[in-house]
Amino acid sequence: MTGSAALGDAGAFGEEGDAGLLSPVSASPLVGALTGDRAVLAAILAVESGWAAVLEKAGLAPAGSAAVVSAAAEPGRYSVAGIARRAQGGGNPVIPLLADLRKNVQALDGTGIGAGRAVHTSLTSQDVLDTALMLLARNTVEALLGDLKRTSAALASLAEEHADALCVGRSLTQHSLPFTFGLRAAQWFHGVAAAGRQLEGLAYPVQFGGAAGTLAAGTVLASGSSSTPFSLADALAAQLGLAAAPAPWHTNRLVVTSLGNALAAVLDAFGKIAADVLFLSRPEVGELAEPRAAGRGVSSAMPQKQNPVLSVLVRSAALQAPQLVAQLHLAAANFNDERPDAAWHTEWPALRQLLALALGAAGHIRELAGGLQAFPDAMRRNLDLAGPLLLAEGVGAAVAPLLGAKDGLTGKEQLQAVVDQTLQAPSGEQAATYRKLLRDAVPAGVLTDLRLKELLNPASYLGEAANISRRILAAFPEYAAPPEPSFTDANGDPRG
């Protein structure tokens, strides 16, 4: 590549922003539209335009100002790359964007009404950027919740469809007890639904406070009018569809860390599903398979491979989230003085990356859950690998109390000796060995053949698996039913 070509590419990159070349989980038109640089710029302009409308309505800006500022705040008028470069001068993008906005307002104020007086009056950069990021977060979370609810509905269907499908439970990588795939899907649903409720409980408050969080400039602005800085801030919240705030939160970052925690909880729930699918779709396990699509799961070298790419992408997002949330908390703990220095700046990329990862992963997990293939025969095959030893806990609970002491061993110790001897046999012979040793150790008068058969039936030792599943689904009814599509994605497909 020549130097001029490389420079041309760099210029294009700077204007478009990060396309996600090294973050395929979030490389989608929807994620870019809601969290990309241009979305940030549009949110900042929406705050400035909204503030102008509030001031005009309150009689604190010339009539007609809001229309002029709104026209000047059209995002297409601004160069993202240019503003990003110039942001180095003041440390944030609001400063250079304001300079451009004021020029555009002046150029559009053809009648000379003085619309420029409505731009940014009594605000500070942090007011605008924090409020803009709340707008960005609200819009992203709305889309995220749509995918999340479609995912949870698909998981609820899996839980109901496979309520009685026997499989093996695993503990510390080993076979533990009989389980059902229905309960596994219900537990996946539980994580997603609980995380969704946490996300739905968030508030996205407007930020206001002025240069030092005292509203001094706002007090001067509102003097002699019926407005107060607080009523103006509440009006801005209403204008933007955000929550009102009781006080400035310049240095109290619970709003941001709570959002980060909720996004991480969503990615935790998604990551659990992805981790399970990655294991259960291994060829030697073969209990699940991802939905197939042309070109997905291919290998650059091995044409026979069908990689579980949806789960890989989702898990990649889940593995990145904790460090991003840690960055938000680290920043919050270091918000010094009445307005902070670098701690504030480190929030922006961490929060935006969390939003992008969560929304990107939500689209993939929605497709995964909606098309997941389950293979009950393979589940039963793997369950049978451990044979009747898998029921040793249940046998012990039912039989040990019936056995008297023998050779100085309690009933429980006698049954443990049976298990220990069985484990010394070759794996292919353990099932028959356990049955024989157990029959020899327990007199027929204590345990009939019929009762022994019942105890060694995996379906007889599922505890409350079915009721647990039902209780989980009943606890989150709004997540068990498919939501009505509210908009479509970049491909025209409905998203909840």
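Visitor: What makes up the lining of the largest cavity, by class?
Guide: Seven nonpolar, four polar and one charged residues. Nonpolar here covers Ala, Val, Leu, Ile, Met, Phe, Trp, Tyr, Cys and Pro; charged covers Asp, Glu, Lys and Arg; the others, Gly among them, are polar. Before going on: this is a predicted model, where local features need pLDDT of at least 70 and side-chain atom pairs count only at pLDDT 80 or more, while totals for chains, interfaces and linings use all residues. Residues are numbered from 1 along each chain as its sequence is written, and side-chain values use heavy atoms, with hydrogens and water left out.

Visitor: Which residues line the largest cavity?
Guide: The lining consists of Trp-51, Ser-122, Leu-123, Asp-127, Phe-208, Gly-209, Gly-210, Leu-215, Gly-218, Pro-229, Leu-232 and Ala-233. A lining residue has an atom within 4 Å of a cavity point. Helix α10 (residues 229-240) gives the largest share, three residues. Helices are DSSP runs of H or I with at least four residues, strands are runs of E with at least two, and both are numbered from the N terminus.

Visitor: Why is a space called a cavity?
Guide: Because, on a 1 Å grid over the protein atoms alone, a 1.4 Å probe fits at its points but cannot get out. The search of the whole structure finds one cavity of 30 Å³ or more. The largest cavity holds about 90 Å³, where volume is the space filled by probe spheres set on grid points joined across faces, edges and corners.

Visitor: How do you know that the length of α17 agrees with its number of residues?
Guide: The expected span is 1.5 Å times one less than the number of residues. Helix α17 (residues 430-441) has twelve residues and should span 16 Å; its end C-alpha atoms are 16 Å apart, so the two agree.

Visitor: Which residues of α17 are buried?
Guide: Gln-430, Tyr-434 and Leu-438 are the buried ones. They cover an arc of only 65° around the axis, and therefore sit on the same side of α17. That arc is taken from the directions from the helix axis to the C-beta atoms. Buried means under 20% relative accessible area, exposed over 50%, and partly exposed in between (1.4 Å probe, protein chains only). On the other side of α17, Ala-432, Lys-436 and Asp-440 are exposed.

Visitor: What do the buried residues of α17 pack against?
Guide: Against α15 (392-399), α16 (411-423) and α18 (449-455). Contact means heavy atoms within 4.5 Å.

Visitor: Is Glu-393 buried, exposed or partly exposed, and why?
Guide: Its relative accessible area is 46%, so Glu-393 is partly exposed. Glu-393 lies in helix α15 and touches Leu-177 and Tyr-461, not counting residues up to four places away in sequence.

Visitor: Why is Arg-184 called buried?
Guide: Because its relative accessibility is 10%, and Arg-184 thus counts as buried. Arg-184 belongs to helix α8 (residues 181-200). Leaving aside neighbours within four places in sequence, its contacts are Cys-167, Val-168, Gly-169, Arg-170, Phe-179, Leu-280 and Glu-287.

Visitor: What puts the buried residues of α14 on one face?
Guide: In α14 (residues 376-385) the buried residues are Ala-378, Met-379, Asn-382 and Leu-383. Seen down the axis, they fall within an arc of 140°, so they line one face of the helix. They pack against β1 (166-171), β2 (174-180), α8, β3 (288-289) and β4 (373-374). Just after α14, Gly-387 has a positive phi of about 60°.

Visitor: What makes the phi of His-120 worth a remark?
Guide: Most residues other than glycine have a negative phi. Phi of His-120 is near 70°, a positive value in a residue that is not glycine. His-120 is in the loop between α6 (94-108) and α7 (125-161), and at 10% relative accessibility His-120 counts as buried.

Visitor: Is Asp-407 buried or exposed, and why?
Guide: With a relative accessible area of 74%, Asp-407 is exposed. Asp-407 is in the loop between α15 and α16. Its phi is positive too, about 55°, although Asp-407 is not a glycine.

Visitor: How far apart in space are Ser-28 and Asp-407?
Guide: They are 70 Å apart, C-alpha to C-alpha, and 379 residues apart in sequence. Ser-28 is in the loop between α1 (3-16) and α2 (29-35) and is partly exposed, with a relative accessible area of 30%.

Key
On a 1 Å grid over the protein atoms alone, a cavity is a set of points where a 1.4 Å probe fits but cannot get out, and a pocket is an open set with protein on both sides within 12 Å along at least five of seven lines; lining residues have an atom within 4 Å of a point.
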